[in-house]
Amino acid sequence: MPNVHRTDPADDRWRQSHLGRLMGLALRRFDERVLHLMAHDPNVPLALSNLAARDQIAAAHVHITRHLQVSGSRLTELAQAAGMSKQAMGDLVTQCEAWGLVERQPDPHDARARRIVFTATGLLWLEAFRQAVAQAQGEFHALVGDEVATVVTLGLEAYGAR
């Protein structure tokens, strides 16, 4: 059996500082900042802005914004891209559909399938998302410096590549 360094079982500091936890905290902070910026974007329709400001729109809803192709996507494609079950994504799409962000349309390539597409309001939301992401990234660069931000970005790209 290989000689494995064992830590004191009472010392569980590692649970607060491992890479997965740090990435999760950073993602949560980034998504919260993006949603905050979107809630205060004057180009976002007031009803959506109010939902975001009251924390009714969560990071889970950002999955649709991140992964829905501008040309539209099937539900299975969208769920796979977001790493969610088809049922969970279907629930999000239904909610976003009620808010006027997306709509289901017939798939021109398969009469049995439906495509989820952004509405005009959804495209405004997508543009607000783009601007909020750019601002949040700029804030990250200002906080940690351009060199560190570049290294973090390159490291995450390499780590996340399949």
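This is a predicted model: local features need pLDDT of at least 70, side-chain atom pairs count only at pLDDT 80 or more; totals for chains, interfaces and linings use all residues.
The secondary structure amounts to 8 helices and 3 strands.

**Entry on burial.** I looked up how much of the chain is covered. Of the 162 residues in the protein, 30% are buried.

**Entry on the largest pocket.** I next looked up the largest pocket, which holds about 1,300 Å³ of space. I found 30 residues in its lining, and those nearest the centre are Ala26, Leu27, Phe30, Val152 and Leu156. Two or more lining residues come from each of H2 (19-39), H4 (59-67), H5 (75-82), H7 (120-144) and H8 (146-160), every one of these a helix. Which element gives the largest share of the lining? I recorded H2, with 9 residues. Sorted by class, the lining of the largest pocket contains 18 nonpolar, 6 polar and 6 charged residues.

**Entry on the surface.** I then turned to a nonpolar patch on the surface, formed by Phe140, Leu143, Val144, Val148, Val152 and Leu156. Together these residues have about 460 Å² of accessible area. Helices H7 and H8 each contribute at least two residues to the nonpolar patch. I noted that Val152 and Leu156 belong to the patch and are also among the residues nearest the centre of the largest pocket.

**Entry on one residue.** Is Leu143 buried or exposed? I located Leu143 in helix H7. Its relative accessible area is 59%, so Leu143 counts as exposed, the cut-off being over 50%.

Definitions and conventions. Residues are numbered from 1 along each chain as its sequence is written. Side-chain values use heavy atoms; hydrogens and water are left out. On a 1 Å grid over the protein atoms alone, a cavity is a set of points where a 1.4 Å probe fits but cannot get out, and a pocket is an open set with protein on both sides within 12 Å along at least five of seven lines; lining residues have an atom within 4 Å of a point. Grid points are joined across faces, edges and corners, and a volume is the space filled by probe spheres set on the points. Helices (H or I, at least four residues) and strands (E, at least two) are DSSP runs, numbered from the N terminus. Ala, Val, Leu, Ile, Met, Phe, Trp, Tyr, Cys and Pro count as nonpolar, Asp, Glu, Lys and Arg as charged, and the others, Gly among them, as polar. Patches are made of residues with over 30% relative accessible area and no salt bridge: like charges are joined within 9 Å, nonpolar side chains (Val, Leu, Ile, Met, Phe, Trp, Tyr) within 5 Å. Accessible areas come from the Shrake-Rupley method with a 1.4 Å probe; for residues, only the protein chains shown count as cover. A salt bridge is a side-chain nitrogen of Lys or Arg within 4 Å of a carboxyl oxygen of Asp or Glu. Buried means under 20% relative accessible area, exposed over 50%, partly exposed in between (1.4 Å probe, protein chains only).
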